[in-house]
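Me: I would like to learn how to read a few features of a protein model. Please start with the surface.

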Amino acid sequence: MSRSRQSENGNVGAVYLTRHEIAARVLELGDEIGRAYAGLDPILVAPLKSSVVFLADLTRALAVPH
């Protein structure tokens, strides 16, 4: 389901996931990674500059030391 966003300059484009859907999925990933790496000390790496924001959110969602 694609949604569009409007800005003061017109249509921005299709929005595939809302910020709330992304935040929910990041929390789910944090739980999954936490279970998979329980007792371990994983290292998180952001290979692209734009992935740093995602990795920061994921870091906050992880309950295991990393």
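Me: How much accessible surface does the protein chain have, and what share of it belongs to carbon and sulfur atoms?
Reply: This is a predicted model, and its protein chain has an accessible surface of about 5,400 Å². Carbon and sulfur atoms account for 58% of that area.

Me: Which residues make the nonpolar surface patch?
Reply: Tyr-16, Leu-17 and Ile-22 make a patch of about 350 Å². Ile-22 belongs to helix H1, which spans residues 19-36.

Me: Is Ile-22 buried, partly exposed or exposed?
Reply: The class follows from relative accessibility: under 20% is buried, over 50% is exposed, and partly exposed lies in between. Ile-22 has 42%, so it counts as partly exposed.

Me: What share of the residues in the protein chain is buried?
Reply: Of the 66 residues, 18% are buried. Ser-51 is one case: its relative accessibility is 17%, so it counts as buried.

Me: Where is Ser-51 found, and what lies 2.6 Å from a polar atom of its side chain?
Reply: Ser-51 sits in the loop between H1 and helix H2 (52-61). The backbone oxygen of Leu-48 is 2.6 Å from a polar atom of the Ser-51 side chain.

Me: In what order do the elements run from the N terminus?
Reply: The order is β-β-α-α, with 2 strands and 2 helices in the protein chain.

Me: What share of the contacts with a separation of 6 or more joins residues 24 or more positions apart?
Reply: In the protein chain, such residues account for 39% of those contacts.

Methods: Residues are numbered from 1 along each chain as its sequence is written. This is a predicted model: local features need pLDDT of at least 70, side-chain atom pairs count only at pLDDT 80 or more; totals for chains, interfaces and linings use all residues. Side-chain values use heavy atoms; hydrogens and water are left out. Helices (H or I, at least four residues) and strands (E, at least two) are DSSP runs, numbered from the N terminus. Buried means under 20% relative accessible area, exposed over 50%, partly exposed in between (1.4 Å probe, protein chains only). Contact means heavy atoms within 4.5 Å. Accessible areas come from the Shrake-Rupley method with a 1.4 Å probe; for residues, only the protein chains shown count as cover. Patches are made of residues with over 30% relative accessible area and no salt bridge: like charges are joined within 9 Å, nonpolar side chains (Val, Leu, Ile, Met, Phe, Trp, Tyr) within 5 Å. A salt bridge is a side-chain nitrogen of Lys or Arg within 4 Å of a carboxyl oxygen of Asp or Glu. A polar contact is a pair of N or O atoms within 3.5 Å; within protein, one must be able to donate a hydrogen and the other to accept it, and residues adjacent in sequence count only if both atoms are side-chain atoms.
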